[in-house]
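Q: Hey, I've just opened this one and I'm new to it. Can you walk me through it?
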Amino acid sequence: MHQEQTILHTLTNTPVQCQVTVIFDGERTQFELPSDGKALVDAAIDAGVDAPWSCHAGICCTCKAKVLEGQVHMKHRYGLLDEEIEQGYILTCQSHPTSETLVVDYDV
Ligand code: FES
């Protein structure tokens, strides 16, 4: 169902309102984030998560986390290997949700 929603989003370019769960230092924080809103790391910080970042340009990988559920679009991904992306790793400073739910783990 999420894949269908993502395809629909891509076809219509209609923003998706995503329910995000971020896991950091063993704590889960939830917030909403539209697909056309802030980058995931910025939204997480706004929600009170002490999420790490440095370059905010997709290079340093300080903001790296793993998607456990859902999907994102990354604007840039200079610091990630193809194998890491295949394993679900993302750069949260470059990521925007494209699914209605998203679970991201900084602890992995
Ligand atoms: S903060 Fe450097 S890659 Fe995201």
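Q: Which residue in β7 does lysine 66 stand opposite?
A: Lysine 66 stands opposite aspartate 105 in β7. Strands here are DSSP E runs of at least two residues and helices are H or I runs of at least four, numbered from the N terminus.

Q: And what does lysine 66 stand opposite in β5?
A: That's tyrosine 89. Strand β3 (residues 64-69) runs antiparallel to β5 (residues 89-91), with three bridges joining them. Three bridges also join β3 to β7 (residues 101-105), again antiparallel. Strands count as paired if DSSP finds at least two bridges between them.

Q: Before I go on, what kind of model is this?
A: It's a predicted model: local features need pLDDT of at least 70, side-chain atom pairs count only at pLDDT 80 or more, and totals for chains, interfaces and linings use all residues. Residues are numbered from 1 along each chain as its sequence is written.

Q: OK, how many helices and strands does the chain have?
A: Three helices and seven strands. From the N terminus, the order is α-β-β-α-β-β-α-β-β-β.

Q: New topic: where does valine 49 lie?
A: Valine 49 is in the loop between α2 (40-46) and β3.

Q: Why does valine 49 count as buried?
A: Because valine 49 has 20 C-beta neighbours inside 10 Å. The cut-offs are 20 or more other C-beta atoms within 10 Å for buried, 12 or fewer for exposed, and partly exposed in between, with C-beta atoms placed from the backbone.

Q: What is it in contact with, leaving aside neighbours within four places in sequence?
A: Valine 49 is in contact with Val22, Phe24, Thr29 and Ala44; contact means backbone-placed C-beta atoms within 7 Å.

Notes
Two residues are in contact if their C-beta atoms, placed from the backbone, lie within 7 Å.
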